[in-house]
Amino acid sequence: HQLGAAAGRRGPGLSEYVMAGLFSIRPGHAGDFAGLQQIEIDAFETLFAAGGVYGEASSSADAELQHYIDAGMLLVAVDEQDQPIGYVGAILGGGWLHVSEIDVAPVWQRKGVGRSLMSAVLEAGRIRGVVAATLTTDRSVPFNAPSYASLGFRILAVDELPDHLRRILAQEHAAGFDPARRVAMKFTYS
C-alpha cells in the first residue's frame, strides 16, 4: 500500500479536515506529554461507552511517550493553535512497526484525525523500510478493527502471531482486556 500522507499528496486516510488546514500532524515532543495524556484519558470514555475497555482510565507514562520520540514515532495531530488533538505512538523492531497507542480528543473524533494519524505513521514506517506494521485492538468496536481493516490491516490467526504480538496480547489479557474481543492485526507494505 502506498500512503501519501507524509508527502502531502491526497491518498487513503487523508482527511478533508487536513486538506482544509483545520489540523496538521507533526512530530511530538516532551512539552506535549501532559496534553497527550489528557487526550488518552478523555478518549478512554469513548472506548468505554462502546464496550471496548473496562475499569479506570489511565494514560501512557512519560517514559513510554519518550520511547516513541526516541524511535521517531510519536506523531501528534494539532489544531490551528498547535494544541494537541490526537496522537499515535509506535515502536520499531525486527523489520516491523508496532502501533502501540492512538487516541483522539472526543471533540475531534469522526473528523478523520485518527485515520490521518494512522496514515502518517504507516508512511513513516514505509520510509524506514519496515516490511509490516502491527497493532492490537478490539474486534467489535466499529472505530477499531473494522476501521483498521479499511486501511489495509488484516486480523491475524493465532498461528500467525509473531512473538511480539503474543507477548502484547498476553499483557493485555493480564491487564483485564477481554481475550475474546482482542485481536492482533497486520499491515503488509507492498
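This is a predicted model: local features need pLDDT of at least 70, side-chain atom pairs count only at pLDDT 80 or more; totals for chains, interfaces and linings use all residues.
Trainee: Which strands are the edge strands of the open sheet?

Mentor: Happy to walk you through that! The seven strands follow the order β1-β2-β3-β4-β5-β7-β6, with mixed pairing. At the edges, each strand pairs on one side only, and these strands are β1 (23-27) and β6 (154-155).

Trainee: And what is the bridge partner of V88 in β4?

Mentor: Begin with the strand pair. Strand β3, residues 84-93, runs antiparallel to β4, and eight bridges join the two. Across in β4, the partner of V88 is I102.

Trainee: Now to helix α6: where do its buried residues sit around the axis, on the same side or on opposite sides?

Mentor: Good one to check in the 3D view. The buried residues of α6 are H164, L165, I168, L169 and E172. Because they cover an arc of only 130° around the axis, they lie on the same side of α6.

Trainee: Which exposed residues does the face turned away from that buried side carry?

Mentor: Buried here means under 20% relative accessible area, while exposed means over 50%. On the face of α6 turned away from the buried side, the exposed residues are D163, R167, Q171 and A174.

Key: Residues are numbered from 1 along each chain as its sequence is written. Side-chain values use heavy atoms; hydrogens and water are left out. Buried means under 20% relative accessible area, exposed over 50%, partly exposed in between (1.4 Å probe, protein chains only). Helices (H or I, at least four residues) and strands (E, at least two) are DSSP runs, numbered from the N terminus. The arc is that of the directions from the helix axis to the C-beta atoms. Two strands pair if DSSP finds at least two bridges between them.
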